[in-house]
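Hi,

Here is the structure I promised to pass on. Have a look at it first, and my notes on what turned up follow below.

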Amino acid sequence: MNIDSIQNGVVLDHICAGKSMDIYRDLQLDKLECPVAIIKNARSARMGSKDMIKIDSPMELDLDILGYIDPNITVNVIRDGKRVEKKHLAPPQKLVNIIRCKNPRCITSAEPQLDAIFLLSDRKTNRYRCAYCESEEGKRA
């Protein structure tokens, strides 16, 4: 299989195998007018298998969404065919409007205009709790 290199854009590497389509959907990459390559289940010495996404256009990415989906992702910024920056992610301390509370009695259920705020409660397991009612993780917004 041959995937062209990109000249100016972003490469998301070390994505846990099978998570690339979640990222594609959550970052709304389908709305881009540039080429986007998704490589699923590529062999990796470090991970066994991994996914990758190549975006052939410079863009700002929501690192909180990426860190929530998979904190092991590396973000490589490419300019003139060369990597000029490599970012390592971590689970964000605070998520705003990325996931919604599953508790029907939470104030965010009664008042949907409120921001859905979740705070990292356990760094080892990457678990989040609602800032309003303390319920564990909900579903993606």
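Before the surface numbers, one definition: accessible areas come from the Shrake-Rupley method with a 1.4 Å probe, and for residues only the protein chains shown count as cover. On that basis the protein chain has an accessible surface of about 8600 Å², and carbon and sulfur atoms account for 45% of it.

A word on where this comes from. It's a predicted model, so local features need pLDDT of at least 70 and side-chain atom pairs count only at pLDDT 80 or more, while totals for chains, interfaces and linings use all residues. Residues are numbered from 1 along each chain as its sequence is written, and side-chain values use heavy atoms, with hydrogens and water left out.

**Overall picture**

Along the principal axes, the C-alpha atoms of the protein chain fill a box of roughly 50 × 35 × 25 Å. Of its 141 residues, 39% count as buried (buried is under 20% relative accessible area, exposed over 50%, partly exposed in between, with a 1.4 Å probe and protein chains only). Taking contacts (heavy atoms within 4.5 Å) between residues at least 6 apart in sequence, 57% join residues at least 24 apart.

For the charges, Lys and Arg count as positive and Asp and Glu as negative, with His and the chain ends not counted. Each charge is placed at NZ of Lys, CZ of Arg, CG of Asp or CD of Glu. The mean positions of the 23 positive and 20 negative charges are 5 Å apart.

The chain has three helices and ten strands (DSSP runs numbered from the N terminus: helices are H or I with at least four residues, strands are E with at least two).

**The five-stranded sheet**

Five strands make an open sheet in the order S2-S3-S1-S4-S5, paired antiparallel (two strands pair if DSSP finds at least two bridges between them). Strands S2 (36–44) and S5 (82–88) are at the edges with a single partner strand each, so one side of each has no neighbour in the sheet. From one strand to the next the twist averages 20 degrees (axes are lines fitted to C-alpha atoms, for helices over the stretch in contact, and angles run from 0 to 180 degrees between N-to-C directions).

A hairpin of three residues links S2 to S3, and seven bridges join S2 to S3 (residues 48–55), running antiparallel. Among the pairs, Ile-39 has Met-52 in S3 as its bridge partner, and Ser-44 has Gly-48. Five bridges connect strand S1 (residues 9–16) to S3, again antiparallel, with Val-11 opposite Lys-54 in S3. Because six of the eight residues of S3 are buried, this strand is largely enclosed by the rest of the structure.

Over in strand S5 sits Arg-83. Is Arg-83 buried or exposed? Arg-83 counts as exposed, at 53% relative accessibility. Leaving out residues up to four places away in sequence, Arg-83 touches Asn-76, Val-77 and Ile-78. Arg-83 and Gln-7 are 76 residues apart in sequence, yet their C-alpha atoms are 9.5 Å apart in space.

**The three-stranded sheet**

There's also an open sheet of three strands, ordered S6-S8-S9 with antiparallel pairing. Strand S6 (94–96) and S9 stand at its edges and have a single partner strand each, so one side of each is left without a neighbour in the sheet. The twist here averages 35 degrees from one strand to the next. Three bridges join S6 to S8 in antiparallel fashion, and Val-96 stands opposite Ile-117 in S8.

**Two backbone spots to check**

Most residues other than glycine have a negative phi. Which residue in the loop between strand S8 (117–122) and strand S9 (127–130) is worth a look? That would be Asn-126, with a positive phi of about 55 degrees although it is not a glycine. Asn-126 is partly exposed, with a relative accessible area of 25%.

Glu-134 lies in the loop between S9 and strand S10 (139–140). Its phi is also positive, near 70 degrees, and Glu-134 counts as exposed at 53% relative accessibility.

Cheers
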